[in-house]
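Visitor: Hi, I'm new to this one and would like a short tour. Could you bring it up on the screen?
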Amino acid sequence: MTTAYVNGIFTPLSEARISPMDRGFLFGDGVYEVIPCYGGQPVAMQYHLERLHDSLEGIALSPSHSDEQLNALIDELIRQNGGGDLGIYLQITRGVVERRQHAFPEKCEPTVFAYTFSISPPSDGTIESATCFSTVTRPDQRWGRCHIKSTALLGNVLHMMEAIEENAEEVLLFNDHNQLTEAAACNVFVVSDDKILTPELDHQKLPGVTRRQCLELLAAHTDWVVEIRPVSLEEVLNAREIWLSSSTKELSPVVRVNGQPVNDGKPGPRWSAAQQLFHQHRFSRP
Ligand SMILES: Cc1ncc(COP(=O)(O)O)c(C=O)c1O
């Protein structure tokens, strides 16, 4: 049985209730985080809290819980769900209103909801332990505020379905200049020649915690050339390797794009080395 948290109360997930007049339900007026936890220990909690604050600020919602309270509720949720390997979903919405109107209500108590789900242990960087991804490419048709980790994810959901319709598991998105933005639920790294490329952050990309950790780990433990700059469709289609990054996938190799193999269609040596670094150092960051 999964235990959830709703506004101060721990309850079986099947009994958790939120009003249909919650602005999260009516407008997607909320933000969220997904924090991975292995052996009961959260990964990069501080980075997730920092981004949560940025997202709350991005939708002009004052936090109802301090970081101390959020840390305590997450620790308790992990404990009540038996520890182990868990994804922690934490959502904060503007709360329940009496009347549906677009403008923010004058007074509203934010809704705080969290629950856990089981996740597989991440790869140790060996080829055998890799979860490989097939992808398709599409023009990015989401909204212009993708830097906010908003619960309004319909654009991402519809893009993900474009991948699934083509028997792929992710979609690589490109802006009007045919430059890579990100994937429906991941950031993207490309190995081109001998360089590691990843697009710079802007309003078309979520500032991924895993992307941040990966860049820090590569800077601290390798002498690889890493370039944060626009990445063209051509560079993606001719890449030696492509990696997806997200909290529950860490770094995962892309082995197909639009039905064509990436290089030899197998996880590459740079991915393997980078994910091994992640495996060794996942708890060494805040
Ligand atoms: C659109 C999008 N980009 C990037 C990411 C990766 O972010 P993180 O590494 O913080 O999980 C996610 C994760 O859910 C996402 O939904």
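Visitor: Thanks. Which residue is the bridge partner of Y89 in β6?
Guide: The partner of Y89 in β6 is Y115. Before going on, please note that this is a predicted model, where local features need pLDDT of at least 70, side-chain atom pairs count only at pLDDT 80 or more, and totals for chains, interfaces and linings use all residues. Residues are numbered from 1 along each chain as its sequence is written, and side-chain values use heavy atoms, with hydrogens and water left out.

Visitor: OK, and how many bridges pair β5 with β6?
Guide: Strand β5, residues 86–93, pairs with strand β6, residues 111–118, over 8 bridges in the antiparallel sense. Two strands count as paired if DSSP finds at least two bridges between them, and strands (E, at least two residues) and helices (H or I, at least four) are DSSP runs numbered from the N terminus.

Visitor: What's the strand order in the sheet of 6 strands?
Guide: The order is β2-β1-β6-β5-β3-β4, in an open sheet with antiparallel pairing. Its edge strands, each pairing on one side only, are β2 (9–12) and β4 (41–42).

Visitor: Which strands does helix α2 lie across?
Guide: Helix α2, residues 45–58, lies across β3 (30–38), β4 and β5, and runs at about 175 degrees to β3. Such angles run from 0 to 180 degrees between N-to-C directions, with axes being lines fitted to C-alpha atoms, for helices over the stretch in contact, and contact means heavy atoms within 4.5 Å.

Visitor: Switching topic: which residues are closest to the ligand?
Guide: The closest are R51, E182, V209, T210 and S247, among 17 residues that surround the ligand, where being near means having a heavy atom within 4 Å.

Visitor: And what does the side chain of T210 do there, at what distance?
Guide: A polar side-chain atom of T210 lies 2.6 Å from an oxygen atom of the ligand. The protein buries 91% of the 390 Å² that the ligand exposes when taken alone, with accessible areas coming from the Shrake-Rupley method with a 1.4 Å probe.

Visitor: Last one: do β11 and β12 run parallel or antiparallel?
Guide: Strands β11 and β12 (residues 225–228) run parallel and are joined by 4 bridges, with V225 in β12 as the bridge partner of K195.

How values were computed. A polar contact is a pair of N or O atoms within 3.5 Å; within protein, one must be able to donate a hydrogen and the other to accept it, and residues adjacent in sequence count only if both atoms are side-chain atoms.
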